[in-house]
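Open the model in a viewer with the sequence alongside. The stops below give a selection each time, followed by what is found there.

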Amino acid sequence: MGIRVVPADAWIDPSRAVARALVTHGHADHARGGHGQTIATPATLAIMGVRYGVADGAVQACYHAPVALGGGVTATFLPAGHVLGSAQILLEYAGERVIVTGDYKRSPDLTCLPFAVTPCDLFITEATFGLPVFRHPPIADEIARLLAARAANPERCVLVGAYALGKAQRVIAELRAAGWDEPVYLHGAMETMCRLYEAQGVPLGDLRPAAGVPKAELAGAIVICPPSALNDRWSRRLPDPLTAMASGWMRVRQRARQRGVELPLVISDHADWDELTTTITEVNPAETWITHGREEALLRWCELHQRRARALALTGYEDEDD
Amino acid sequence: MQRFATLLDGLLLTLSRNGKLALIADYLRETPDPDRGWALAALTGAVDFPAVKAGTVRSLMAERVDPVLWALSRDFVGDTAETASLLWPEPEPAPQGAAPTLGEIVTALSIATRASAPALLASLLDRLDTAGRYALIKFATGALRIGISARLAKVAFAQAFAVPVDEVEEYWYGQSPPYAPLFLWATGACPPPRTDLLPLFRSFMLAHPLENEVISLDDYVAEWKWDGIRVQLVHVNGETRVYSRGGDEISASFPEIAGALPFPALLDGELLVRGDQQGGEAGGAASFNALQQRLGRKTVSKAVLAEAPAFVRLYDVLIDGGEDLREQPWTSRRARLEALMPRLDPKRFDLSETIAAANMEALAEIRAGARNAAIEGVMLKHRASPYVAGRRAGLWYKWKRAPLLVDCVLMYAQRGSGKRSSFYSDFTFGCWDGDPDAGAELLPVGKAYFGFTDKELKWLDRHVRQNTVAKFGPVRETDKSLVFEVAFDSVHASKRHKSGVAMRFPRINRIRQDKPAHEADRLETLRAMVT
């Protein structure tokens, strides 16, 4: 149900309410409400506040500023490059340095700070895309494909399925960087989080709710919705939508096919295989523990590269929509 | 090659039939010869390079990727070609010049040997991107498996050039890739290819399942649906060929049949082996199992010919002498067929008798009684029906007998391939070899991977993941708590299986969450159904 920090009597990303929780980032499978005390970055706390209401006992942990947890343990939150506010947590105890990465990526993201490579003794890494088939292409290429598909289908709109926290804002920011300055239309579930990103200093341009816009006006538009709404009743209001999905899983054709996606966009907020292995090499820990995802392959890579490693069977972290 | 790769990706991601047709038609119109012909061959399963096998790809990968990482990746992706395309190391420096064309690939692969094929394939893969590599491997190994039937490809061809699909079917079988004469005909540059010079296959007329249609025996005639192999015999210019369903020639496997039609004709019938099962008495047909022993043999020994002699039960005549009868109503063709019978060797041919029944209720009763005769069911043919390629609404129906049912216990599961690549969707199930409360064990009796809905598939996938007790490579052993009601057409004795029985056409009929595993059926129940 998470990782327990025994000497400080605290949990990292617990899946149930506990007395004291350290939360790496705001995604629902890592951040849950109802903890006695929640220690997280200001942005993550803001995200949790939107989702669960403002909780008592929130402790802000600014990046790179150590927090004493008691029991001789110090926690330092470091940028993880996953989504706005996401952090790795460096734990120091009796001269040992342990890093729990939470979710992370290494490729550039306009909406959050980049992953900080930090030396440690024990590195506890995620492995969502821990198979060598996963290589995420540069995001600019995928955005270019999206814009090309839009231009080739002037009668239709492009409907992009993207996770409401992080992925959606990253896609919008990249569209803006690619010169797309038309309005971007949003599913209702996206609006709050986009406003929060803007309030946290991430400009996203002209955003409008898709609801209530006449069908004809949406021809040639880009609409963003949560993956679950792609083939749902909601999308019937749109003019013959070309369904796209922004996800690392889209690298595998059959995954795209299973979701009924016409335009798979390989855009992920997680490290791909090369990023995972590069990160382990750069951090160069004495030992690596591998948590949620495809642990076996990364474990094998560690073995092939004479690195001490073990897999932790953590359940409850689901990234099917990433 | 890039165009073909784009076509394959488009076909994979396009769900609607019309969308697929449009993609293929656009490709065929816009792509030059011979590439479009080779693509058409790939879509219709007509590409074969004997020097390239799935094993060639696997051994190329074994030289480049750690075997454990390969196995984990292959298991996740669910498709060897796609896994290889994703894991292929990008060459350094990046290759110069254009990607190879399909024509260039064909030229290179068709002169390749087993020894030279791996290096050749590797050099081609180096010149392509991920999508191109996927398309090349699919193309070179001849197994696209992208859910496109040969028929759909022919319909797309007809659509591309605005020609009737029946004519495409008619001229198709005399041609071989890259089909230059077909394109010349379809684009209006040349007259159609001749079909009367060789013993060519004509597409079979097929039947729709009879579901809710109300029909009368005044309009339809009933025949048994025999459980053998549908075949076509064609004699032209002194040569006879025997073809099976897909137009594959099987003359060499059944020389006694090929040698028994000495005059020009085109006959449609069911290939069977002599035995006492189908038809009841000696001189009838043996079960499908007996026929299977003879399938796929390239040469046939005298002993086999004597032990399991084949014959054809005739359904129809398409061409008699030089006369094409296909436009004529079934009744006329039937009369011509009956008139032909005296000229045929009765050891090798008999006539598929029509069933006399006053009405559909009486026919239903006769059909229900046909269980032991290992007959698949009943065919209903409109008396006025011409002989047309494929399934045409309202002309022919198949009315299968109700399936047999047993309750089995889920034992093992494996991930599927294709669009089920991440789901545990291939199930092995078993029956008890005695009283489960007295320590009996489950023995596997069959495997099935369909019969359930997409929603049930998700549920089953979760059940397998949550109830796994052991893993053997990609196979998960479950806790044997879930009961399936399995439907199947028949069951045969089998020495290959520990349980001693083999089911024909098993599918998951129902998931019996309500039924405890120890109440599932015992082997003796299945053994009693053996035909």
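Select helix H10 (residues 150-161) of chain B and the elements that cover its buried residues, which include H2, H3, H11 and H12 of chain B. Helices (H or I, at least four residues) and strands (E, at least two) are DSSP runs, numbered from the N terminus. Contact here means that the C-beta atoms of two residues, placed from the backbone, lie within 7 Å. The model is predicted: local features need pLDDT of at least 70, side-chain atom pairs count only at pLDDT 80 or more, and totals for chains, interfaces and linings use all residues. Residues are numbered from 1 along each chain as its sequence is written, while chains are lettered from A and ligands numbered from 1 in the order in which they are written.

Now show the side chains of Ala153(B), Lys154(B), Val155(B), Ala156(B), Phe157(B) and Ala160(B), the buried residues of H10(B). A residue is buried if 20 or more other C-beta atoms, placed from the backbone, lie within 10 Å of its own, exposed if 12 or fewer, and partly exposed in between. From first to last C-alpha the 12 residues of H10(B) reach 17 Å, close to the expected 16 Å; the expected span is 1.5 Å times one less than the number of residues. Step on to Ala162(B), which follows H10(B) and has a positive phi near 55°.

Next, select helix H1 (residues 2-13) of chain B. Its end C-alpha atoms are 17 Å apart, in agreement with the 16 Å that its 12 residues should span. Phe4(B), Ala5(B), Leu7(B), Leu8(B) and Leu12(B) are its buried residues. Looking down the axis of H1(B), these fall within an arc of 160°, so they line one face of the helix; the arc is that of the directions from the helix axis to the C-beta atoms. They pack against helix H5 (253-258) of chain A, and against H2 (17-30), H3 (35-43), H7 (102-110) and H9 (130-141) of chain B.

Two cis peptide bonds come next. Glu92(B) and Pro93(B) are joined by one with omega about 0°, and Pro93(B) sits in the loop between H6 (80-87) and H7 of chain B. The bond between Pro177(B) and Pro178(B) is also cis, with omega about 5°; Pro178(B) is in the loop between H11 (165-172) and H12 (180-186) of chain B.

Finish at Gln306(A), in the loop between H7 (295-304) and strand E18 (309-311) of chain A. Its phi is positive, near 50°, and it counts as exposed because it has 6 C-beta neighbours inside 10 Å.
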